[in-house]
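Have the structure open beside you as you go.

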Amino acid sequence: MVLSRVGSVLLILLSLMSFGLVYALNANEKDEKPAFVTSVVNQILQAGIIPAPVKDDQTLVVSSSVAPIASDADPLHQAINAAIFKRVEERDGQLRRILVIGRGETLTTRLVMAGISRTEILATLEALRPHINPRKIRDGQEVAVLFARDGGQERYTGLELHDGFTVVTIARTGVNGAANNFQAALKIIAPEKRRFAMRGAVKDSLYDSCIKIGVPASILATMIKTYSYNIDFQRDVKDGDRFEVLYEQLADAEGRTTGEATLIYAALQVEGKIVPIYRVATSGNGYEYFDAKGESIRKGLLRTPLEGARITSGFGMRMHPIMGYNRMHKGIDFGAPSGTPIYAAGAGIIEEAQRKSGYGFYIRVRHNGKVSTAYAHMSRFGRGMTRGTRVAQGDVIGYVGSTGESTGPHLHYEVLVDNDQVNPIGVNVAMGASLGGKQLASFQDWRNKVHTQFEQLVASASDPRLAQNDKR
Ligand SMILES: [Zn+2]
């Protein structure tokens, strides 16, 4: 019994030596002995399994019936497995011993440690090589080494590892993996929606500070667009101001992301005041950002949908000086040079973009169920501005001109409530929604959860980017 144990130990020590050799062949740093070997030996010694130091002149009796290292048959093997593998899982009758490649290690060195034979390792690497360069397998990479139970022993059947969103499986071929040949199979895994939480302070610019800690550019663009209703970034945001960002994106377990990111929550400290925004789904497939009180961040319509303009004709009855009759002017005229860009007064969908008799080139934007704005006499439409296009407040929808019944370049601008023109001046058209009653209560409840989740993610992530799954 003792002898066979000593035999096992010696076999393992031999393995360790061969490991060292393989290591030396594989690695460039020949003098550096991997700390891992020492750690395994120490664990064996600490386990009290080796009865006495093995002397140089002692005859080595190596039994050929010693079980492979990857077996938990006795305390010795258990100790070794505990040192080599991070954990063990059992799935579909197959043992999956999970190892993590350490600094300065290669997959080969680890497989040698795991007691896999040289022939099997070479065959495995050969099957792996067309898909992943084994030498490029980096620190921290997890590899599942697969074993089938074979009587009291375990038989190596292959391995499995992730390469981005691809799972590469190397499996022994033949019935029940009986042949000594290995084949690779690739499987693409669908990434899951995950949340990422980030917090930082402004230095030089909000943009640079966010990008530096990994906030995706698209998230930053959404933030800037949304905050632009309340904040002048040039003037209001200063060095040392803090920001928080919580967003959602498809990602794998290791935080590799894909596809579009969605901003869930952000907060900006501006002049000592925290200004948060929260994404709330609205009817249809839409969404809107709300403040902490449940009011839309979006402000009303732009008072002046173009720059450098002056009002040349107001809304209301207009007496023709010569003809002497009254005519209702149902909009406001802004005099401006031909070609001046015209902005969408609010976010919405273009419901009309055409040449419309006296209006000339005309665009009407629907902002919500009640309110639309119209723009007439344009020289031309903005790029891509056709019926059905979604626009944001401030998007250039067209350019000042004098098409239709017009005596000179100007913008005829109308605000319509329930399809009737109203006087934009002095009428505060409420654009953004505001939550009330049950909606407000449920928003407040969700808002608190968002803050809790944000704090948890920031606290738990060793890499602040790594977030847990969204279980909401
Ligand atoms: Zn007009």
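Let's start inside: the largest nonpolar core has 34 residues, and Leu306, Ile342, Ile363, Tyr375, Met378, Ile397 and Leu411 touch the most other members. Please keep in mind that this is a predicted model. The protein has 472 residues, of which 30% count as buried, and its secondary structure comes to nine helices and 24 strands.

**The largest core**

- Two or more residues each come from strands S15 (332-335), S16 (341-343), S17 (348-356), S18 (360-366), S19 (371-378), S22 (396-399) and S23 (410-417).
- S19 gives the most to this core, namely five residues.

- As general background, nonpolar side chains tend to be buried together in soluble globular proteins.

**The five-stranded sheet**

- An open sheet is built from five strands in the order S7-S8-S9-S10-S11, with antiparallel pairing.
- Strands S7 (192-201) and S11 (287-290) are at the edges with a single partner strand each, so one side of each has no neighbour in the sheet.
- On average, neighbouring strands of this sheet are turned by 25° against each other, direction ignored.
- Within the sheet, S9 (residues 257-270) and S10 (residues 273-281) are joined in the antiparallel sense over six bridges.
- Leu268 has Val275 in S10 as its bridge partner.

**Helices on the sheet**

- Helix H7 (residues 217-227) lies across S8 (242-251), S9, S10 and S11, and runs at about 40° to S9.
- Helix H9 (residues 437-460) also packs on the sheet, where H9 touches S7, S8, S9, S10 and S11; the direction of H9 makes about 75° with that of S7.

- Ile219, Thr222, Met223 and Tyr227 are the buried residues to look for in H7.
- Viewed down the helix axis, the buried residues of H7 fall within an arc of 120°, so they line one face of the helix.
- These buried residues pack against S8 and S9.
- Turned away from the buried side is a face of H7 with the exposed residues Ala217 and Ala221.

**Contacts across the chain**

- Taking contacts between residues at least 6 apart in sequence, 62% join residues at least 24 apart.

Note on methods. Residues are numbered from 1 along each chain as its sequence is written. This is a predicted model: local features need pLDDT of at least 70, side-chain atom pairs count only at pLDDT 80 or more; totals for chains, interfaces and linings use all residues. Helices (H or I, at least four residues) and strands (E, at least two) are DSSP runs, numbered from the N terminus. A residue is buried if 20 or more other C-beta atoms lie within 10 Å of its own, exposed if 12 or fewer, and partly exposed in between; C-beta atoms are placed from the backbone. Two residues are in contact if their C-beta atoms, placed from the backbone, lie within 7 Å. A nonpolar core is a set of buried Ala, Val, Leu, Ile, Met, Phe, Trp, Tyr and Cys residues joined through C-beta atoms within 7 Å. Two strands pair if DSSP finds at least two bridges between them. Axes are lines fitted to C-alpha atoms, for helices over the stretch in contact, and angles run from 0 to 180 degrees between N-to-C directions. The arc is that of the directions from the helix axis to the C-beta atoms.
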